[in-house]
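Here is a short tour of one protein model, written to be read with the structure open beside you.

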Amino acid sequence: MQCLYCSAPGDSREHALPAAFGEFRDAPYLDSRVCTACNNTRLGLLDEQFTRCGPEAILRKFYHVRGRAATHDKVNVFERRSAGGHRVDMRSTDKALGVEVGLEIVDGEPRQLRQMIFVEQSGKTHILPIIEGSTPEQLRAAFQRLGVVQPCADARVLFDPVKENWVPQLIQQAWPDSTLGEGTPASTAYQGAVGNVVLTNRYFRAVAKIGFHYFLTQFPEYTGHEPLFCEIRKFILDDAAGVDRANAFIGRREHALLGEMLNPRIRPNGWRAHVLCAETRAGECLAYVQTFVTEDWPAPIYAVRLAQDAGIVDCRATGHAYMYYGDGPEGNFAGDALTLETTRADWSPPPLKPVVMSATEG
């Protein structure tokens, strides 16, 4: 079969859920619909943004989730951007130092980044991660991109003086006139940390791609090449689209997908899962994407409008819960993909809300 996104043969096998979330036993896959080149390049960039630049990036680190391949965990999402996205900016106030500091999560535990901190006279704080292997020129360029208003009211450097003794030399080379004062012990416990993420068009196109591919695994009567899917395929490939373009294809569902969560005050007790669902109903095809359904996170539900056509008359729904094992991976598997039972109610859920509230990506 021809690739969904180019003229090459569809010669790859792809799981609907991105590889960075792990391998799940009995997970559905999309066979021979996407070529290897598209899978590894254009579509791969979408998965990178989704798993490394959104809330999912924080939750992957918080729950110590590793991908199906070691290559998926080489980028520290708290230090640098990935696939043209933005780095995850997580902060908390260090009471010992009296300043806001940048944090990272390693093996499920928070700790301070290796960083420079610049506090403007207005109180605005800028965090500059110090990336191992950076040159003095790269460090200075990263500082310029911050747009710090000078003179600063305070400037600090945080690093491990034993394991990271190369940091003072790097700073001295970047700013020859600088001097470092005496070290001060930093905090090791944090409360009220806030993570900031920037969702770009690639993030939402990844949501559309996940929903589309999952739908095709569940409704084999469709190849994905049908004219009714033309617009969703174009959107998935459109790297020049503004982020607000996502509202034409994706909405936020306010009503729970899982029966266990129909009461908004109840969240799952101790289990972690991703949920993918798909359905056909009179005149349209839909998919739903909900990642990291846990007791810690009010996971948003993205509804993907895949197609609208008066010829669609079949009403059918399907779904899978990708459940992580409670005691960690078992061999190559992070968990099981469980088929969900479905039911239909006699009432309509609330209308979808837009996923982008303004036309500005930043």
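## Charged pairs

A salt bridge here is a side-chain nitrogen of Lys or Arg within 4 Å of a carboxyl oxygen of Asp or Glu. The model is a predicted one, in which local features need pLDDT of at least 70 and side-chain atom pairs count only at pLDDT 80 or more, while totals for chains, interfaces and linings use all residues. Residues are numbered from 1 along each chain as its sequence is written, and side-chain values use heavy atoms, with hydrogens and water left out.

Arg91 forms a salt bridge with Asp89, with 3.0 Å between the closest N and O atoms. Are these two residues buried or exposed? Buried means under 20% relative accessible area, exposed over 50%, and partly exposed in between (1.4 Å probe, protein chains only). Arg91 is buried because its relative accessible area is 15%, and Asp89 is buried because its value is 15%.

## More bridges to look up

A search of the whole structure finds 22 salt bridges. One of them pairs Arg114 with Glu79, their closest N and O atoms being 3.4 Å apart. This pair links distant parts of the chain, 35 residues apart: Arg114 sits in the loop between strand 6 (109-112) and strand 7 (115-119), and Glu79 in the loop between helix 3 (55-62) and strand 4 (89-94). Helices (H or I, at least four residues) and strands (E, at least two) are DSSP runs, numbered from the N terminus. Both Arg114 and Glu79 are buried.

Arg281 and Glu279 also meet through their side chains in a salt bridge, at 3.4 Å from N to O. Arg281 counts as partly exposed because its relative accessibility is 29%, whereas Glu279, at 7%, is buried. Salt bridges that share partners also join Arg87, Asp89, Arg91 and Glu100 into one network.

## Helix 6 and its neighbours

The axes of helix 2 (residues 42-52) and helix 6 (residues 201-218) come within 8 Å and cross at roughly 110°. That angle makes helix 2 roughly perpendicular to helix 6. Axes are lines fitted to C-alpha atoms, for helices over the stretch in contact, and angles run from 0 to 180 degrees between N-to-C directions. Angles under 35 degrees count as roughly parallel, over 145 as roughly antiparallel, 65 to 115 as roughly perpendicular and the rest as oblique. In contact (heavy atoms within 4.5 Å), residues of helix 2 including Leu43, Leu46 and Phe50 meet residues of helix 6, among them Tyr203, Val207 and Ile210.

Helix 6 also packs against helix 7 (residues 230-237), at an angle of about 140° and with the axes 8 Å apart. These two helices are therefore oblique to each other. On the helix 6 side the contact involves Phe204, Arg205, Ala208, Lys209 and Phe212, which meet Ile232, Arg233, Phe235, Ile236 and Leu237 in helix 7. By class, that makes seven nonpolar, no polar and three charged residues. Ala, Val, Leu, Ile, Met, Phe, Trp, Tyr, Cys and Pro count as nonpolar, Asp, Glu, Lys and Arg as charged, and the others, Gly among them, as polar.

## A proline to finish

Where does Pro28 lie? Its place is in the loop between strand 2 (24-25) and strand 3 (29-31). Pro28 is buried because its relative accessible area is 12%. Leaving aside residues up to four places away in sequence, Pro28 touches His15, Ala16, Tyr214, Thr217, Gln218, His320, Tyr322 and Ala337.
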